[in-house]
Amino acid sequence: MIGPDVAGIAEKLGAAADAATPIPQLAAETGLDVDAAYAVQAALLQRRLDAGQRLVGLKMGLTSKAKMAQVGVDEVIWGRLTDAMRVPDGGSVDPAAYIHPRVEPEVAFLLDRLPEPGEPVGDFTSAVRAVAPAIELIDSRYADFRFSLPDVIADNTSAAAFVIGPWSPVPAGLDNLGVLLEVDGRVAQVGSTAAILGDPRRALDEGIRLAGRHGVRLQSGWVFLAGAATAAVPLRPGAHVRAVVEKLGTASLRASS
């Protein structure tokens with residue numbers, strides 16, 4: 001039995017992102033399952049690397065019940081981050097460069113050494129150099145922001161861009177910090193880091209385990225986005241977005257008009 005056309009699916013997704021034009025879901029039509037979807041994601045990454053981008057980290061997706069409910073899937077997933085996706089703290093993005101951009105508040109880690117799969121959370125601080133508030137800009141390449149689990153995995157978990165605020169030493173506890181997402185000075189979402197698998201540190205452990213299944217080991221100096229603490233909100237032209245994470249500070253971006 002012939003499997004899905006991994007290279008062809010990756011090219012369709014990459015072209016959709018380049019043109020900021022949505023495409024129909026692909027999994028049902030192509031027989032894409034989760035393993036094949038991660039192969040597509042890897043091919044999509046290679047397309048970016050061939051264009052001169054560098055892999056700088058990983059991100060988790062669907063780590064909160066709010067996110068699972070919002071997109072209608074029920075499994076934690078992971079994706080890749082490249083240098084071209086990073087926006088400076090306080091920087092600007094052009095909403096027209098995306099299909100239907102949304103933003104969400106996150107917690108970011110800066111890895112100091114290569115963590116081992118299954119390493120106890122108690123050893124976390126020796127593997128992580130610093131922590132920061134972050135914003136992820138997500139943008140599904142599928143029409144109406146609707147997809148199955150294999151669809152979203154193949155689409156690099158809807159990753160589009162990210163902002164990281166100031167790095168700081170890891171505090172004693174990260175499991176129940178208040179989180180706000182503000183748009184134009186008004187609170188758009190309220191949450192807690194407890195929404196990220198109960199504790200963002202667990203997201204790192206999960207990321208190591210899941211990525212390791214596909215031969216990917218996290219590297220020293222990489223950025224790791226632990227997942228969203230709230231549901232995502234649409235990014236409108238001209239909007240100013242700020243994520244506030246208790247004890248960690250803020251990260252912000254502005255959408256051009």
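Reply: Two strands count as paired if DSSP finds at least two bridges between them. The model shown here is a predicted one, and in it V179 stands opposite G191 in β9.

Me: How many bridges join strand β8 to strand β9?
Reply: Strand β8 covers residues 178–183 and strand β9 covers residues 186–192. The two strands run antiparallel, and the number of bridges that join them is six.

Me: Which strands stand at the edges of the open sheet, and why is one side of each left without a neighbour?
Reply: Five strands form this open sheet, with mixed pairing, in the order β4-β13-β12-β8-β9. A strand with a single partner has one side left without a neighbour in the sheet, and so the strands at the edges are β4 (92–93) and β9.

Me: Which residue in the hairpin of β8 and β9 takes a positive phi?
Reply: This hairpin has two residues between its strands. A positive phi near 55 degrees is found there, and the residue that takes it is D184.

Me: What span does helix α7 reach from its first C-alpha to its last?
Reply: Helix α7 runs over residues 200–213 and has 14 residues, for which 20 Å is expected at 1.5 Å a residue. Its buried residues, meaning those under 20% relative accessible area, include L204, I208 and A211. Just after α7, G215 takes a positive phi of about 75 degrees. The span of α7 itself is close to the expected value, at 20 Å.

Me: Which element gives the most residues to the lining of the largest pocket?
Reply: The largest pocket holds about 400 Å³ of space. Of the 23 residues that line this pocket, the closest to its centre are A17, D18, R48, Q53 and A160. At least two lining residues come from each of α1 (6–19), α3 (34–50), β3 (86–87) and β7 (159–164). The element that gives the most, with four residues, is α1.

Note on methods:
Residues numbered from 1 in each chain as written. Predicted model: local features only at pLDDT ≥ 70, side-chain atom pairs only at ≥ 80, totals over all residues. Heavy atoms only, no water. 1 Å grid on protein atoms, 1.4 Å probe; cavity = no way out; pocket = protein on both sides within 12 Å on 5 of 7 lines; lining within 4 Å. Points joined across faces, edges and corners; volume = space filled by probe spheres on them. Expected span 1.5 Å × (residues − 1). Buried < 20%, exposed > 50% of the residue type's maximum accessible area, 1.4 Å probe, protein only.
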